[in-house]
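Biologist: I would like to learn how to read a model like this one. Could you take me through it step by step?

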Amino acid sequence: MYVVNQEKCTGCGTCTDVCPTEAIQIESGKAVITWECMDCGACPRVCPEGAIKKQDVVLAAPGAQ
Ligand code: SF4
Ligand code: SF4
């Protein structure tokens, strides 16, 4: 799934406009991606701050990215 870097996000809302599943919500001025994200990859391409990154949910494998 994708995650928002809360340090970089300015809460501009651009990502919420492109999300097909409305998985992104602005909370306290920052974007938050919920479980409804279906990994379409649209939001990181439009974020002007580069705040959205893909984060694979991998359970602790030593040395794994
Ligand atoms: S990757 Fe796609 S579905 Fe997931 S939050 Fe971004 S725009 Fe929405
Ligand atoms: S587009 Fe980027 S900076 Fe704007 S609200 Fe979404 S994550 Fe934050």
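This is a predicted model: local features need pLDDT of at least 70, side-chain atom pairs count only at pLDDT 80 or more; totals for chains, interfaces and linings use all residues.

Biologist: How many helices and strands does the protein chain have, and in what order do they run?

Modeller: The protein chain has two helices and four strands. Read from the N terminus on, their order is β-α-β-β-α-β.

Biologist: What share of the protein chain is buried?

Modeller: The general idea is a cut-off: buried means under 20% relative accessible area, exposed means over 50%, and partly exposed is in between. In this case, buried residues make up 28% of the 65 residues in the protein chain.

Biologist: Let me try that cut-off on single residues. Is T34 buried or exposed?

Modeller: T34 has a relative accessible area of 15%, so T34 is buried. You will find T34 in the loop between strand 3 (30-33) and helix 2 (42-46). Not counting residues up to four places away in sequence, T34 touches M1, A23 and Q25.

Biologist: And where is Q6, for comparison?

Modeller: Q6 is in a loop too, the one between strand 1 and helix 1 (14-18). Its relative accessible area is 37%, so Q6 is partly exposed.

Biologist: Which residues does Q6 contact, leaving aside its neighbours within four places in sequence?

Modeller: Contact here means heavy atoms within 4.5 Å. By that rule Q6 is in contact with K30, A31 and V32, once the neighbours within four places in sequence are left aside. Take V32: Q6 and V32 are 26 residues apart in sequence, yet C-alpha to C-alpha they are 8.4 Å apart in space.

Biologist: How much of the contact total in the protein chain comes from residues 24 or more positions apart?

Modeller: Among contacts in the protein chain with a separation of 6 or more, residues 24 or more positions apart account for 57%.

Biologist: Could we look at C43 on its own?

Modeller: C43 lies in helix 2, and C43 is buried because its relative accessible area is 9%. Beyond its neighbours within four places in sequence, C43 is in contact with C15, V18, I24, I33 and I52. As for P20, which is 23 residues from C43 along the chain, the two C-alpha atoms are separated by 9.7 Å.

Biologist: That leaves the ligands. Where does ligand 1 sit, and which residues are closest?

Modeller: The space taken by ligand 1 is the largest cavity. Ligand 1 is surrounded by 13 residues, the closest being C19, C37, C40, G41 and C43. By class, this shell has ten nonpolar, two polar and one charged residues. You have met C43 already, as a member of the largest nonpolar core.

Definitions and conventions
Residues are numbered from 1 along each chain as its sequence is written. Chains are lettered from A and ligands numbered from 1 in the order in which they are written. Side-chain values use heavy atoms; hydrogens and water are left out. Buried means under 20% relative accessible area, exposed over 50%, partly exposed in between (1.4 Å probe, protein chains only). A residue is near a molecule or strand if one of its heavy atoms lies within 4 Å of it. On a 1 Å grid over the protein atoms alone, a cavity is a set of points where a 1.4 Å probe fits but cannot get out, and a pocket is an open set with protein on both sides within 12 Å along at least five of seven lines; lining residues have an atom within 4 Å of a point. A molecule sits in a cavity or pocket if more than half of its atoms lie within 2 Å of its grid points. Ala, Val, Leu, Ile, Met, Phe, Trp, Tyr, Cys and Pro count as nonpolar, Asp, Glu, Lys and Arg as charged, and the others, Gly among them, as polar. A nonpolar core is a set of buried Ala, Val, Leu, Ile, Met, Phe, Trp, Tyr and Cys residues joined through side-chain atoms within 4.5 Å.
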